[in-house]
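Have a look at the sequence and the 3D view, then work through each task before reading its solution.

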Amino acid sequence: MVATLSYFPKWAVRPFAAPYVAGESVETALKVVSELNKQGFVATMDILGEYVRTPEESYIIRDAYQDLFRQINEAGLNSNVSLKPTHLGMEIDRALASENLQSILSVAQDTNNFMRIDMENSPYTDTTIAVYRECYNNYSGTGTVLQSYLKRTAGDIQSLGKNGFNCRICKGIYNEAPEIAFKDKEEIRLHFIEDVKALVRSGSYVGIATHDIIIIDRLEAWLLSENIPKELYEFQILHGVPMGDRLQRLLASNHKVRVYVPFGEAWFDYATRRLKENPNMLWYIVGNIFKS
Ligand code: FDA
């Protein structure tokens, strides 16, 4: 059933998408963030979509992100913004993406906020890091993402990790070749933990982006045992992924927890990707539909 989701009409997938996507409009997404803030979470907002095909499309997305920073500011919400380089034209031309990102970053600066550049698949790793550096030279309220499944990541931490580097660590979501990526789940988990420790030791700020309870438990214990100040890291999760009471316990222990809140008209592809990752969600949702 999950494998065929992409062929379903949108109306049929919409109920399955609901937990993962904070609506199609920015207004709805801002309400979701407001609710999360009330519950003690901070957020990062993402306009869904990737791989624009023309410069004109990339300008529409650039403008939408600039508006988003202004709207977050006007609403007084505690949320920064995450964006994908190919959504801003990276596949067309690196210079185009860099210009777009820098003009979004100038609005982030005007509104005293932060812009995170998500990491996409490996053809874009070098260019994303290069564009991140260009952005950082203009305004330090920006950061990027490193993926613990990539064999190069320890080296990237060595060259980027320093005071002022704000890095999200995640496992990595793309299907990469074994020549460049670890494939074993336990190996990826161990690298994730080591990457976070290396970043913390380098004085970087770390976003620990995972739903893997084993990693969360081990890192929470390590951070506490090393007396790492809570201002140097945060936990991050995707909106809608069931986490039991683990997030409440993190909040109760005064850890910062950030929820990644994607929204927009391109919700269909995003939601089907999430459901393919975790087919159990489908039965959980179907169960709820029949119970209600
Ligand atoms: P793992 O896949 O082992 O999941 C642990 C448990 O959580 C699973 O048992 C499953 O039940 C549940 N779960 C995990 N993901 C789920 C999902 N999507 N839906 C439902 N249940 C799920 N990747 C990338 O390449 N570039 C990026 O920029 C980012 N950015 C990013 C931001 C944030 C805040 C998060 C949390 C994740 C990302 N990712 C990402 C995705 C990341 O690389 C990874 O693919 C997913 O988080 C799944 O890996 P976990 O570490 O959660 O472990």
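**Exercise 1. Where does Pro-229 sit, and is Pro-229 buried, partly exposed or exposed?**

Step 1: Pro-229 is found in the loop between helix H8 (213–225) and strand S7 (233–238). Helices (H or I, at least four residues) and strands (E, at least two) are DSSP runs, numbered from the N terminus.

Step 2: Before going on, note that this is a predicted model, in which local features need pLDDT of at least 70 and side-chain atom pairs count only at pLDDT 80 or more, while totals for chains, interfaces and linings use all residues. Residues are numbered from 1 along each chain as its sequence is written, and side-chain values use heavy atoms, with hydrogens and water left out.

Step 3: Pro-229 has 38% relative accessibility, so Pro-229 counts as partly exposed. Buried means under 20% relative accessible area, exposed over 50%, and partly exposed in between (1.4 Å probe, protein chains only).

Step 4: Pro-229 and His-255 are 26 residues apart in sequence, and their C-alpha atoms are 9.9 Å apart in space.

**Exercise 2. Describe the barrel and the place of strand S2 in it.**

Step 1: Eight strands form a closed barrel with parallel pairing, in the order S1-S2-S3-S4-S5-S6-S7-S8. From one strand to the next, the twist averages 30°. Two strands pair if DSSP finds at least two bridges between them.

Step 2: Strand S2 (residues 79–83) runs parallel to strand S3 (residues 115–117), and three bridges join them. One place to look is Ser-82, whose bridge partner in S3 is Arg-116.

Step 3: S1 and S2 also pair in the parallel sense, over three bridges. Here Met-45 has Val-81 of S2 as its bridge partner.

Step 4: Now check the burial of S2: five of its five residues are buried. Ser-79, Val-81 and Leu-83 lie on one side, Asn-80 and Ser-82 on the other, and both faces are covered.

**Exercise 3. How do helices H2 and H3 pack?**

Step 1: Helix H2 (residues 26–38) and helix H3 (residues 55–75) have axes 11 Å apart, at an angle of about 45°. Axes are lines fitted to C-alpha atoms, for helices over the stretch in contact, and angles run from 0 to 180 degrees between N-to-C directions.

Step 2: This angle makes H2 oblique to H3, because angles under 35 degrees count as roughly parallel, over 145 as roughly antiparallel, 65 to 115 as roughly perpendicular and the rest as oblique.

Step 3: The crossing of H2 and H3 is right-handed. A crossing is left-handed if the near helix is turned anticlockwise from the far one by less than a right angle, and right-handed if clockwise.

Step 4: Val-26, Glu-27 and Leu-30 of H2 meet Leu-68, Gln-71 and Ile-72 of H3, where contact means heavy atoms within 4.5 Å.

**Exercise 4. At what angle do H5 and H6 cross, and which residues make the contact?**

Step 1: The axes of H5 and helix H6 (residues 153–160) cross at roughly 15° and come within 13 Å. That makes H5 roughly parallel to H6.

Step 2: H5 and H6 have a right-handed crossing. Ile-129, Tyr-132 and Arg-133 of H5 make the contact with Asp-156, Ser-159 and Leu-160 of H6.
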